[in-house]
Amino acid sequence: MTRVLAQGTFDLLHPGHVHYLQDAASHGDELHVIVARASNVTHKRPPVLSDEQRREMVGALAAVDEAHLGHESDIFVPVERLNPDVIVLGYDQHHDRAAIADQLAERGIDCRVERASPRESKYEDEVLSTGAIIDRILDERGADTAR
């Protein structure tokens, strides 16, 4: 059995997230997803939704066998615990494949690192990023977001 690992913030799920996780699942038999804790999200604005809510939503997707919260201080702790055969990075994630492969080798974790394909827009006005969803809400609803 080939165990695949994907990871991300997954704030405000959208079709890009679904595509990424479906693509990741196609690399093996079992997909585990690590959902980043808000305290570890330093490369962009912090998530709108709580850690547990994001984990629950990701875990509800058909492609996902199990969703886990990331470690508070060391992102490789759950990787060591899950011992994947493949790690699939999102096509636009900021992670460097070679740097991750080096870290895995240093920790004695034998798995390959792949990158998912991008999702091509399937319809007009499709929104494929959390930031774009937030921008659209603010543009269309502005101060009227309470409804």
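Which side chain makes a polar contact with the side chain of H32 at 2.8 Å? Select H32 and then H68: the side chain of H68 is the partner. A polar contact here is a pair of N or O atoms within 3.5 Å; within protein, one must be able to donate a hydrogen and the other to accept it, and residues adjacent in sequence count only if both atoms are side-chain atoms.

Before you click on: this is a predicted model, where local features need pLDDT of at least 70 and side-chain atom pairs count only at pLDDT 80 or more, while totals for chains, interfaces and linings use all residues. Residues are numbered from 1 along each chain as its sequence is written, and side-chain values use heavy atoms, with hydrogens and water left out.

**Stop 1: H32 and E30**

Stay on H32. You're in strand β2, residues 30-35. Helices (H or I, at least four residues) and strands (E, at least two) are DSSP runs, numbered from the N terminus. H32 has 6% relative accessibility, so it counts as buried; the cut-offs are under 20% relative accessible area for buried, over 50% for exposed, and partly exposed in between (1.4 Å probe, protein chains only).

Now show what surrounds H32. Leaving out residues up to four places away in sequence, H32 touches R3, V4, L5, A6, E66, H68 and L82, where contact means heavy atoms within 4.5 Å.

Next, select E30. Its side chain makes a polar contact with the side chain of H32 at 3.0 Å, and another, of 2.6 Å, joins the side chains of E30 and R3. E30 is also in strand β2 and is buried, at 18% relative accessible area. With residues up to four places away set aside, E30 touches M1, T2, R3, V4 and D65.

**Stop 2**

Click on A6. Its bridge partner in β2 is V33, and A6 also stands opposite V88 in β4. Widen the view to whole strands: β1 and β2 run parallel, joined by six bridges, and β1 and β4 (residues 86-89) run parallel too, with three bridges. Two strands pair if DSSP finds at least two bridges between them.

Then colour β1, α1 and β2, which make a right-handed β-α-β unit. Right-handed means that, with the strands pointing away from you, the path from the first strand over the helix to the second runs clockwise.

**Stop 2**

Select the buried residues of α1: G16, H17, H19, Y20, L21, D23 and A24. They pack against β1, β2, α2 (51-59), β4 and α5 (130-141).

**Stop 3: the aromatic pair**

There is one aromatic pair to find. Show F10 and Y20: their ring centres are 6.2 Å apart and their planes are at 10°, so the pair is stacked. F10 lies in the loop between β1 (3-8) and α1 (15-25) and Y20 in helix α1, so the pair ties together parts 10 residues apart in sequence. Both F10 and Y20 are buried. The rule takes rings of Phe, Tyr and Trp (its six-membered ring) with centres within 6.5 Å; planes under 30 degrees apart count as stacked, over 60 as edge-to-face and the rest as tilted.

**Stop 4: D11**

D11 lies in the loop between β1 and α1 and, at 5% relative accessibility, counts as buried. Its side chain reaches the backbone nitrogen of V48 at 2.5 Å, and a polar atom of that side chain lies 3.0 Å from the backbone nitrogen of L49.

**Stop 5: two positive phi values**

Most residues other than glycine have a negative phi. Go to N83, in the loop between α3 (77-82) and β4, where phi is near 50°. Finish at D125, in the loop between β5 (112-115) and α5: its phi is near 70°, and the residue is exposed, with a relative accessible area of 55%.
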